[in-house]
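This report goes through a structure step by step. It covers the interface first, then the sheets and a pair of helices.

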Amino acid sequence: MKIEEMSFEESIKKLEEIVRELEDENISLEDSMKKFELGIKLSSNCLNKLNEAENRIEELTRSEDGKLIARELNLEKEN
Amino acid sequence: MEDYSISKTKVYTVSELNQDIKRNVEAGYPDIWVEGEVSNFYFHDKKHMYFDLKDENSKIKVVMFQNINRNLIFDIEEGLHILINGYISLYEKRGEYQLVAMDARPVGKGALILAFEQLKKKLGEKGYFDVINKKSIPLLPGRIGLVTSTGGAVIRDIILVLKERFENFHLIVRDVNVQGITSSDEICEAIDELCEYGVDVIIIARGGGSLEDLWAFNTEKIAGKIFECPVPIISAIGHETDYTISDFVADRRAATPSVAAEIVILNKRETVEKIETMVKRARSLISSEVKIRKKEILLLMRRRIFARPETLLDRFNQVVSELNIRLERDIGANLKTVENNLINICRLIDKKNIIDKIYSFKTVIKNSDIRLISTVNNYINLKKSKIKYIMGKIADRNPVNILERGFALLYGVEKDRSIKSVREVNVDQAVRILLRDGVLSARIFDKIYKKIEPGFKNEN
């Protein structure tokens with residue numbers, strides 16, 4: 001599975017797994033270098049995903065023709 | 001004295017009166033609901049329940065027999081406000097009447113609590129609360145759905161906590177009435193719309209209130225909607241101590257709406273730090289690993305085998321030289337032994353004796369030779385004379401010699417066999433005669449059979 005396609009949860013879990021594997025004394029040098037590279041890729045995937053979500057607060061209503069539309073929510077008006 | 005005999009008016013006996021009243025009253029109230037407060041509650045022998053049902057002005061005796069009261073799902077107690085369903089029954093003997101209870105229900109808060117307990121039991125048995133059905137809340141939701149009242153304080157609290165934990169989030173709010181008759185339906189509709197629009201998690205939230213205020217979240221309808229919803233739902237209703245059916249069915253319960261916001265989105269800063277820490281740790285593990293391996297290699301390289309590899313041969317050299325020594329020693333020993341054996345054997349050999357023996361054998365051989373030669377010569381001579389004799393004999397028989405002596409051979413013209421008998425020829429037959437110095441051709445003139453005997457003179 002390509003790293004970009006992994007969800008945030010999966011990426012972070014795999015990253016934790018890699019750190020645990022690196023702590024294992026029996027790992028070979030080649031393996032640990034490979035895992036380290038993978039770990040770096042995963043961490044940057046996580047950090048990217050964290051910044052992905054748009055910053056929006058909206059209210060959902062159904063218009064007359066039955067469509068659902070989300071409009072910016074203005075709380076002050078509700079008082 | 002007045003006449004007290006009233007002939008036209010009916011006069012009852014007490015029994016008759018009580019019987020009559022019983023008939024009338026029982027017919028009039030065969031199945032009624034009565035509301036009141038329980039007092040003088042008697043249930044000491046745990047068999048039949050006896051109590052009074054009263055209001056501010058009046059009271060009535062009630063009995064609930066064992067077969068009814070053992071099916072009660074709530075406890076009837078002194079002072080409880082309840083509804084009784086039953087019939088009026090008159091006890092003739094004492095002229096007393098009572099309400100015989102067939103069913104009892106709590107009124108007011110008690111009723112709600114009871115309904116709550118009953119629904120909780122029912123849904124629990126259906127598996128609505130089972131942990132195995134609960135979905136996990138995504139760590140980083142793309143879109144967060146919120147079902148709440150936009151007019152309340154709850155929505156502000158939630159937004160505040162979200163902003164604190166994460167700089168960028170996408171929140172979609174669906175406004176509903178959180179109490180009242182339409183509330184349950186509105187909430188169900190809100191969940192549907194958010195699912196249709198597309199969100200990764202839904203929070204249902206409202207602030208504190210009484211059991212009646214929160215009642216919309218205790219309906220079977222809401223329970224069903226939450227259970228069926230494919231999107232994970234966090235339920236945050238009322239205060240920490242408030243538990244509603246929606247709290248039990250939801251995939252996660254938050255004690256307060258602020259807690260819901262904390263649950264729904266991770267703390268960005270903390271998570272970034274966590275990731276950075278993990279990367280640092282991985283880096284340090286790798287570099288320490290490399291350092292350790294380097295050390296190992298250097299240590300190995302200092303070992304004798306690498307520094308002075310020729311020492312590897314030492315072992316073999318040693319073996320070779322040992323084998324050499326053994327070889328020389330063993331072969332030497334062998335040679336010595338053989339040599340000794342040879343000397344010993346030589347001693348056994350007596351030269352002179354042997355020469356003498358050789359001489360005598362030579363003589364024997366020579367003598368044998370001579371004898372052999374003379375024997376052979378004799379044999380040859382013997383054979384020679386025999387041959388001479390035989391040759392003489394052969395010469396006698398040689399037909400050519402016979403011819404030399406004057407005899408003749410007779411042959412037929414065609415045949416190559418000599419004619420030996422008179423019978424073999426016919427008169428006038430041509431014949432050939434073989435003499436010592438040539439051949440004659442002749443014809444038979446006459447033949448006479450007569451055997452010639454040796455020693456007798458022939459007469460023709």
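How many residues does the contact take from chain B and from chain A? It takes 39 residues from chain B and 36 residues from chain A, where contact means heavy atoms within 4.5 Å.

The model is predicted: local features need pLDDT of at least 70, side-chain atom pairs count only at pLDDT 80 or more, and totals for chains, interfaces and linings use all residues. Residues are numbered from 1 along each chain as its sequence is written, chains are lettered from A and ligands numbered from 1 in the order in which they are written, and side-chain values use heavy atoms, with hydrogens and water left out.

**The interface**

The size of an interface is often given as the accessible area lost when the parts come together. Between chain B and chain A about 3,600 Å² is buried, and carbon and sulfur atoms give 66% of this. Buried area is the accessible area (1.4 Å probe) that two parts lose on being put together, summed over both. In chain B, the residues that lose the most area to chain A are B:Ile275, B:Met278 and B:Ile286, together 15% of what that side buries. Four salt bridges are found across the interface of chain B and chain A; the rule asks for a side-chain nitrogen of Lys or Arg within 4 Å of a carboxyl oxygen of Asp or Glu. A salt bridge joins the side chains of A:Arg62 and B:Glu193, at 3.4 Å from N to O.

**Strands and sheets**

Helices (H or I, at least four residues) and strands (E, at least two) are DSSP runs, numbered from the N terminus. Two strands pair if DSSP finds at least two bridges between them.

| Strand pair | Sense | Bridges |
|---|---|---|
| β1(B) and β4(B) | antiparallel | six |
| β4(B) and β5(B) | antiparallel | 10 |
| β12(B) and β13(B) | antiparallel | six |
| β9(B) and β10(B) | parallel | two |

B:Gly86 in β4(B) is the bridge partner of B:Ile32, and B:Ile88 stands opposite B:Leu99 in β5(B). Four residues lie between β4(B) and β5(B), which form a hairpin; in the turn, B:Gly95 has a positive phi of about 65°.

An open sheet of seven strands with mixed pairing has the order β2(A)-β1(A)-β7(B)-β6(B)-β8(B)-β9(B)-β10(B). The edge strands are β2 (68–72) of chain A and β10 (252–253) of chain B, each pairing on one side only. Helix α4(B) packs on this sheet, touching β1 of chain A together with β6, β7 and β8 of chain B, and its direction makes about 160° with that of β6(B). Such angles run from 0 to 180 degrees between N-to-C directions, and axes are lines fitted to C-alpha atoms, for helices over the stretch in contact. At β10(B), B:Arg253 is the bridge partner of B:Ser235.

Another open sheet has three strands in the order β11-β12-β13 (chain B), with antiparallel pairing.

**A helix pair**

What is the angle at which α4 (residues 154–165) and α8 (residues 257–264) of chain B pack? The angle is about 35°, with their axes 8 Å apart. Among the residues that meet are B:Val154, B:Ile158 and B:Val161 in α4(B), and B:Pro257 and B:Ala261 in α8(B).
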